[in-house]
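Subject: Structure handover

Hello,

Please find below the structure we spoke about handing over. My notes on it follow.

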Amino acid sequence: MSDRGIRTLRQIHAEPYSFPFDGHWSSADTALLLLGFQQGPISALAAMPAFTTALDLLSVALDCGLFVAASRRVALPAGDDVARRRYAMGDVVPAEGPGDWTFPPQLILPDTALVVDHPGDNAFYRTPLETKLKARGIRNLLIAGLPTEGLVHATQRTANDMGFECLAVADACQGTSETRHAAQLRITTFGNGLFGTVASAAAVKAALTKI
């Protein structure tokens, strides 16, 4: 928690609706989710711009006192149906170990951060993410990660079904192509709140830094 204590935050202008829907949120009930920012995927997707934006957002979120959770996709030693299906579609999930599976050295998480590993495109799949977030009283999620049309959307959609209020930070996410990234965000926008809402990192930072 920031030395400023629990902070009540201003609603974020987002599409298709302002976040959160009821206008009530604080540093105590909100978490930043960083999804799939591993060395391999960042390199494969040339995602340094989105990663840099996410790092900037992380700094602001920590200063505001938000809880942070990060996820890594990993190929399980014994195999997994989800990972095998993704592999067959050309989506190589990194194996645990040095290199592609690890977070970049620039991503410095606080000791309080939760890190989960999962084989598929859903950070809730076979992880304690839901339990840990709800145990801390987290209701609102700010989501950054890659790819937009895979891990980000699958996790955001699941989180909405679980009752979390979700916002995808558009420029802190990147797809496997710009076309897929834009299309996925349009799906979220046209979903009229079914999958949450979308805003820019600038809009999120403005809400987190205004007293």
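To begin with strand S2: Phe67, Ala69, Ser71 and Arg73 point one way, Val68, Ala70 and Arg72 point the other way, and all are buried. Buried here means under 20% relative accessible area, exposed means over 50%, and partly exposed lies in between (1.4 Å probe, protein chains only). In other words, 7 of the 7 residues of S2 are buried. Helices (H or I, at least four residues) and strands (E, at least two) are DSSP runs, numbered from the N terminus.

Before the rest, a word on the source. This is a predicted model, in which local features need pLDDT of at least 70 and side-chain atom pairs count only at pLDDT 80 or more, while totals for chains, interfaces and linings use all residues. Residues are numbered from 1 along each chain as its sequence is written, and side-chain values use heavy atoms, with hydrogens and water left out.

S2 (residues 67-73) pairs with S3 in the parallel sense over 5 bridges, and strand S1 (residues 30-35) pairs with S2, also in the parallel sense, over 5 bridges. Two strands count as paired if DSSP finds at least two bridges between them. Leu32 has Val68 of S2 as its bridge partner, and Ala69 has Leu114 of S3.

Asp100 sits in the loop between helix H3 (81-88) and S3. With a relative accessible area of 48%, Asp100 is partly exposed. Apart from neighbours within four places in sequence, Asp100 is in contact (heavy atoms within 4.5 Å) with Gln38, Gln39, Gly40, Pro41 and Pro94.

The C-alpha trace spans about 45 × 40 × 30 Å along its principal axes. Of the 211 residues, 54% are buried. Among contacts between residues at least 6 apart in sequence, 78% join residues at least 24 apart.

Regards
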